[in-house]
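User: I would like to learn how to read domains, contacts and strand pairing from a set of coordinates. Please take one feature at a time.

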There are 2 protein chains.
Amino acid sequence: MDTASRVTPADVTVADVTLAHIRDAAARIAPHAHVTPVLRSRSLDALTGAQLHFKCEQLQRMGAFKFRGACNAVWALPDDVARRGVVTHSSGNHGAALALAASTRGIACHVVVPEGAVRAKLAAIERYGAQLHHCAPTIAAREETAARLQRQTGATLVHPFTDPNVIAGQGTAALELLQQSGGVDVLITPVGGGGLTGGCAIAARGIAEGITVYAAEPEGAPDAFESFRRGERFTDITPDTIADGLRGTIGEINFALMRANVDAILPVSEAEIAAAMRILWERLKQVVEPSSATVLAAILRHPAHFAGKRVGVVLSGGNVDLDALPWSQS
Amino acid sequence: MDTASRVTPADVTVADVTLAHIRDAAARIAPHAHVTPVLRSRSLDALTGAQLHFKCEQLQRMGAFKFRGACNAVWALPDDVARRGVVTHSSGNHGAALALAASTRGIACHVVVPEGAVRAKLAAIERYGAQLHHCAPTIAAREETAARLQRQTGATLVHPFTDPNVIAGQGTAALELLQQSGGVDVLITPVGGGGLTGGCAIAARGIAEGITVYAAEPEGAPDAFESFRRGERFTDITPDTIADGLRGTIGEINFALMRANVDAILPVSEAEIAAAMRILWERLKQVVEPSSATVLAAILRHPAHFAGKRVGVVLSGGNVDLDALPWSQS
């Protein structure tokens, strides 16, 4: 595991992330990450007919589960490698997460951001002490810029969701949830690139093989759904969803991990996401971002999968623009 | 204490609420109320220079601390009295709290509401099973209607903040906070009618005499501030504040309790309340109502009172209209 972060995605196999790796990650990030609370709600249990255990990653440091994976990746590096810093391309939560994780180890962090990225998110990345590198808003430009920075500085690339250390780190959310809740019948997470879903599915299935694992996905970014339907990874989509954290398309390793450990992808519409987000704000009193709301949207849309069951629900984050709420734009 | 709820406000003295009463209340409400979590935030500690312990009453049942006092009042009634039900006049959180409390004991609840009250709040009161009684929007009409219902049904009046059992119930929030936080140097609550502030101040001072107790109050509803300044209860104001939970004017017993146990009233402006509310949403990821935000507003406006100290901060509730947020109305 200590060298896995330097393995390129093409080299990894499903065996690269196991429950043991996730337990290692939990120990590694313990001094830095929060054990976030699990909240219950009588009114949401009544609404869904299920027993819901909400894992509150909006209360994680920097406001999203992403800190877990970034922190594990940063602290898994050997000293001499870490000294040269880390680099990633992300204008969202992973950029801020890596910046904060790097600061906990006192190492440099470079974040490649496309022109046009949201200013508030860039400010957060800078606040955590990372150096921003602007580039054209294309995937090619982002990868080239990151590769150049790697060459120039010797920094290690930490991919937002294909890095096995990142996936193992994200899995610690499920590890905690299963302990805190006293066990669940069903686990559901949002799916974007598949880091959270892959890691959590391995943790859950590793601990209790009988747990059913679902992933909620916006209909406007249906790469995981299509990949499952076709039986092969399919990423030829243009994401169009308010769930900005789920616009990344599923990675190779992530698809492999999910095929082995996830029972189904549950699609939800934009209107369902907005309605579920509002319910979480009103009933659970939690500021969650649209990505987090996909899981409750899926439970409400597919009630037969959840009724009467103990359900672990991963709320992925709470970094939302309070000036642009989905219900204030109609 | 078991008979105190039938004492009229004019008869009560400061001695009617003590730490022992608050401990009794804690035991009485334990089967029904949540022990709400205490949240910390590195970023808010950095912002204020203090160590803040946020008592999350927005996560209490029905979304506010009001359930504590209502629950204590309802369960303190002898069986034969309880059987005839309870009545109050409140279009806000206390009405919903009493409705829910009555439902936990399976007794009738009558809530007198003035015409023009917010529909969402009335719906909540009805959802918890209470009967609404509409009246003209004057204090005289509310009191007359409540008195008539008392005569007709034999129901016990449970005042929102002058009832000693209500005050004792609210004090349980501070009791828990002091246990959960491991002790504080300073305690701050919002002040409206003074039920929360009075109860919490008694709990805090009863446990540790040296605790400094502040109450945050909107400049647009300065009855507590003026009462403290004049040395006598002053309620001749017309409240004008977004903190709808703090529009009630301070009660006689509440003023007496506060004079004995509160160090100062800290005024905050409407703009400061709105800004603090936004900070709590963004950093603490908690949906809190404007009343709850007054406490952080006071800490930010009066930093010298808090810097370097362990501060217990009571967030009073989270029942807010998501269609009318203070920062979306400019």
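User: Into which domains is chain A divided?

Analyst: A domain may be built from separate stretches of sequence, as domain 1 of chain A is in this predicted model. Domain 1 covers 4-64 + 163-328, and domain 2 covers 67-157. Their C-alpha centres lie 23 Å apart.

User: How many residues does the contact take from each domain of chain A?

Analyst: The two sides are counted separately: 26 residues come from domain 1 of chain A and 18 residues from domain 2 of chain A. On the domain 1 side, helix H1 (19-29) and helix H8 (164-181) each supply at least two residues.

User: Which element gives the most to that side of domain 1 of chain A?

Analyst: H8(A) does, with eight residues. Sorted by class, the side of domain 1 of chain A that touches domain 2 of chain A holds nine nonpolar, 11 polar and six charged residues.

User: How many residues does each chain give to the contact between chain A and chain B?

Analyst: Chain A gives 14 residues and chain B gives 14 residues. On the side of chain A that touches chain B, six are nonpolar, five polar and three charged.

User: Which residues is A:Thr212 in contact with, leaving aside its neighbours within four places in sequence?

Analyst: With those set aside, the contacts of A:Thr212 are A:Asp185, A:Val186 and A:Asp263.

User: Last, strand pairing in chain B. Which strands does S2(B) pair with, and in what sense?

Analyst: Pairing is read from bridges, and each pair of strands has a sense. Strand S1 (residues 38-39) of chain B pairs with S2(B) in the antiparallel sense over two bridges. Here B:Val38 has B:Lys55 in S2(B) as its bridge partner. S2(B) and strand S10 (residues 310-315) of chain B run parallel and are joined by six bridges. In that pairing B:Phe54 stands opposite B:Val313 in S10(B).

User: How many residues of S2(B) are buried?

Analyst: Strand S2 (residues 51-56) of chain B is mostly covered, with five of its six residues buried. In general, side chains in a regular strand alternate between the two faces of the sheet.

Definitions and conventions. Residues are numbered from 1 along each chain as its sequence is written. Chains are lettered from A and ligands numbered from 1 in the order in which they are written. This is a predicted model: local features need pLDDT of at least 70, side-chain atom pairs count only at pLDDT 80 or more; totals for chains, interfaces and linings use all residues. Two residues are in contact if their C-beta atoms, placed from the backbone, lie within 7 Å. Domain bounds come from an automatic or database domain assignment. Helices (H or I, at least four residues) and strands (E, at least two) are DSSP runs, numbered from the N terminus. Ala, Val, Leu, Ile, Met, Phe, Trp, Tyr, Cys and Pro count as nonpolar, Asp, Glu, Lys and Arg as charged, and the others, Gly among them, as polar. A residue is buried if 20 or more other C-beta atoms lie within 10 Å of its own, exposed if 12 or fewer, and partly exposed in between; C-beta atoms are placed from the backbone. Two strands pair if DSSP finds at least two bridges between them.
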